[in-house]
Amino acid sequence: MGEEGPPSLEYIQAKDLFPPKELVKEEENLQVPFTVLQGEGVEFLGRAADALIAISNYRLHIKFKDSVINVPLRMIDSVESRDMFQLHISCKDSKVVR
């Protein structure tokens, strides 16, 4: 019989199975405001009136001048847009971010 090699899946790395998505920036000069974790990929980077908003495959990160909101995506239960300028995020652990 012919030579049999190891199964092909043994040599495929996770980064090959799930390639990172391309970063979408509202402005070219914006920088990611946090240290990216192993396996994390930032997908959107934008600016609000007084904040910088970044969305990765792990978290929603909003950086204000004097505070930071960091919400893991799997903790988000629902998101509502109120009065066109307010975002209301309900988390699974009963926290509310506005």
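Modeller: Start with one term: contact means heavy atoms within 4.5 Å. The model here is predicted; local features need pLDDT of at least 70, side-chain atom pairs count only at pLDDT 80 or more, and totals for chains, interfaces and linings use all residues. Residues are numbered from 1 along each chain as its sequence is written, and side-chain values use heavy atoms, with hydrogens and water left out.

Colleague: Which residues does serine 56 touch, not counting residues up to four places away in sequence?

Modeller: Serine 56 touches Glu40, Gly41, Val42, Glu43 and Leu73.

Colleague: Where is serine 56 found?

Modeller: Strands (E, at least two residues) and helices (H or I, at least four) are DSSP runs, numbered from the N terminus. Serine 56 is found in strand S3, residues 51-56.

Colleague: Is serine 56 buried or exposed?

Modeller: Buried means under 20% relative accessible area, exposed over 50%, and partly exposed in between (1.4 Å probe, protein chains only). Serine 56 has a relative accessible area of 1%, so it is buried. Of the 98 residues of the protein chain, 23% count as buried.

Colleague: What does the side chain of serine 56 make a polar contact with?

Modeller: A polar contact is a pair of N or O atoms within 3.5 Å; within protein, one must be able to donate a hydrogen and the other to accept it, and residues adjacent in sequence count only if both atoms are side-chain atoms. Here the partner is the side chain of glutamate 40, at 2.6 Å.

Colleague: What pattern does the protein chain follow?

Modeller: Read along the sequence, α-β-β-β-β-β-β-β-β. That is 1 helix and 8 strands. Valine 68 lies in one of these strands, S5 (residues 68-72). Leaving aside neighbours within four places in sequence, valine 68 is in contact with His61, Ile62 and Lys63.

Colleague: How is empty space found?

Modeller: Rolling a probe the size of a water molecule over the atoms shows where empty space is left. On a 1 Å grid over the protein atoms alone, a pocket is an open set of points where a 1.4 Å probe fits, with protein on both sides within 12 Å along at least five of seven lines; lining residues have an atom within 4 Å of a point.

Colleague: Which residues lie nearest the centre of the largest pocket?

Modeller: Ala48, Ile53, Ile62, Phe85 and Leu87, out of 21 lining residues. S2 (42-47), S3, S4 (59-64) and S7 (86-91) each supply at least two residues of the lining.
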